[in-house]
Amino acid sequence: MDLFKRLRNLFNKSPTDIKNSTDVLSYFQNLGFDITSFLDPSNVTETTYFICLRHLSETMAKMPWERKKITSKKGKEKDFDGRTDKLLNLRPNPYQSASTFWATVELNKLHYGNSYVYMEMDNRGKVKHLWMLPSLEVQIWTDSRGLVGRKGALWYIWTDSRTGKQYSFITEEILHFKTLMSFDGLLGLSTKDILKTQIETSSSGISFLNKLYKNGMFGGKVAVHYEGELKTANEKIIAERLEKFSTSTATGKFIPMPMGMKAQVLDMKLADAQFFENNRFSILQIAAAFGIKPNIINDYTKSSYSNSETQQIDFFVNTLQPLFSAYEQELTYKMLRDDEVEAGVRLEINNKVLFRMDSKTQAEVYSAYLSNFGMTPNEFREEVGLPYMEGGDRLIGNGASIGIEDVGKQYKVKE
């Protein structure tokens with residue numbers, strides 16, 4: 001208990017005290033704490049990388065959360081709770097809407113590899129607010145010797161860059177969302193770090209085209225042929241004048257040359273360098289690393305209606321389902337009490353919003369369910385946002401349908 005108080009006192013030191021405590025990190029390392037920090041992020045100006053970040057973060061922003069309870073007879077039932085619904089679907093904290101909050105969480109997770117959310121509790125031990133912590137300002141310390149609580153416990157240390165203060169949180173206070181690429185299961189790997197070379201290559205291609213357009217599609221280098229020798233000073237004057245004419249005079253199509261001189265462009269053609277083919281290959285690789293399909297990044301080279309539909313289904317199954325499962329498991333375990341989890345309560349994402357149907361298709365699908373004992377009228381009304389009706393809890397269907405236990409009874413001769 002004394003050691004715990006010493007830790008709390010250390011974390012509550014003023015910024016000056018912390019700055020002057022040069023042996024703090026080595027002290028904790030000697031005690032058995034493993035300290036991990038994060039590197040500075042790269043920018044997000046590469047177009048494909050930005051599109052992937054935007055698409056996945058906006059997907060998380062539009063997903064509604066539901067509290068459900070698993071029962072042995074009825075399967076999963078909605079278990080509405082106003083407090084939970086407000087936190088997850090309306091206002092996680094006074095300053096952010098739920099859409100903005102979840103988009104920010106996913107964006108930080110994708111860009112930095114890890115995203116941290118602090119759960120502020122009220123005096124009854126229930127979650128009051130959810131606060132996003134800056135990913136680059138959070139460190140994870142592992143108590144490998146069990147000096148503070150159980151052995152192997154995790155501590156999340158947040159150093160506020162604005163005030164210099166440090167705050168410590170136990171693992172039960174932090175919702176930690178990480179990419180599924182992790183070698184130790186504690187810290188996720190950032191996609192931008194894994195694809196650093198690929199992203200830089202794509203960015204270089206964009207920069208090259210930008211420079212080419214600014215130069216009026218003029219080549220990168222021009223060789224000026226002339227007879228005899230020319231002093232260095234005169235060489236600079238000729239180069240400056242040629243460059244001035246090629247970029248700032250009218251359209252730059254006409255460049256006057258002194259007698260006895262001729263110019264030759266030294267540049268590789270984009271087609272010869274297979275620039276567009278290589279650039280497209282880099283774009284597809286970046287998108288594939290995020291699980292993003294070509295039609296999402298506006299690549300319709302080999303696309304058709306059926307192909308696009310297949311890509312959408314594949315995107316949901318192989319990209320979004322693992323993403324949703326990670327969120328659901330983290331929130332269910334840390335936001336719900338143990339007795340609620342053991343009773344079958346779960347926090348889940350309603351992924352039906354991804355498969356919105358047009359009115360005609362919706363009518364056909366639900367009609368098939370209703371006429372074949374698949375769902376009750378009230379269950380249908382709930383799906384389309386209508387109130388329950390009295391007598392709507394009974395299954396209905398075609399009268400020609402019979403139970404499997406009654407098959408053949410119609411052929412028996414009555415005595």
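Author: Let's begin with pairing: two strands pair if DSSP finds at least two bridges between them. Strands here are DSSP runs of E, at least two residues long, and helices are runs of H or I, at least four residues long, both numbered from the N terminus. Keep in mind that this is a predicted model, where local features need pLDDT of at least 70, side-chain atom pairs count only at pLDDT 80 or more, and totals for chains, interfaces and linings use all residues. Residues are numbered from 1 along each chain as its sequence is written, and side-chain values use heavy atoms, with hydrogens and water left out.

Reader: Which other strand does β4 pair with, and in what sense?

Author: Strand β4 (residues 114-121) also pairs with strand β9 (residues 174-178), antiparallel, over five bridges. Tyr116 has His176 of β9 opposite it. For the overall count, the protein has 14 helices and twelve strands.

Reader: Why is Glu66 called buried?

Author: Buried means under 20% relative accessible area, exposed means over 50%, and partly exposed is in between (1.4 Å probe, protein chains only). Glu66 comes out at 15% relative accessibility, so it counts as buried. Across the protein's 415 residues, 33% count as buried.

Reader: What makes Lys68 and Glu66 a salt bridge?

Author: The rule asks for a side-chain nitrogen of Lys or Arg within 4 Å of a carboxyl oxygen of Asp or Glu. Lys68 and Glu66 have 3.5 Å from N to O, so they qualify. The structure holds 14 salt bridges.

Reader: Is Arg337 buried or partly exposed, and what about Glu340?

Author: Arg337 is at 45% relative accessibility, so it counts as partly exposed. Glu340, at 13%, is buried. Their side chains meet in a salt bridge too, at 3.6 Å from N to O. Arg337 and Glu340 belong to a network of salt bridges that also links Arg67, Asp79 and Asp339.

Reader: How far apart are the closest N and O atoms of Lys334 and Glu330?

Author: They are 2.9 Å apart, and the two residues form a salt bridge. Both Lys334 and Glu330 are buried. They are four residues apart in helix α11 (residues 305-335), so about one helical turn separates them.

Reader: How do you know which way the buried residues of α5 point?

Author: In helix α5 (residues 82-90), the buried ones are Thr84, Leu87 and Leu88. Looking down the axis of α5, these fall within an arc of 80°, so they line one face of the helix. The arc is taken from the directions from the helix axis to the C-beta atoms.

Reader: What makes a group of residues a nonpolar core?

Author: The members are buried Ala, Val, Leu, Ile, Met, Phe, Trp, Tyr and Cys residues, joined through side-chain atoms within 4.5 Å. The largest such core has 39 residues, and Trp102, Leu130 and Phe290 are among those with the most contacts inside it. Helix α11 gives the most to this core, with eight residues. Another core lies apart from it, made of ten residues, including Tyr116 and Leu187. In soluble globular proteins, nonpolar side chains tend to be buried together.

Reader: Where is Lys68, and what does it touch?

Author: Lys68 is found in strand β2. Contact means heavy atoms within 4.5 Å, and leaving out residues up to four places away in sequence, Lys68 touches several residues, including Lys76, Asp79, Val345 and Glu348. Lys68 and Glu348 are 280 residues apart in sequence but 7.1 Å apart in space, C-alpha to C-alpha. Strand β2 (residues 65-71) pairs with β12 in the antiparallel sense over five bridges, and Trp65 has Ile349 in β12 as its bridge partner. Four of the five residues in strand β12 (residues 345-349) are buried.
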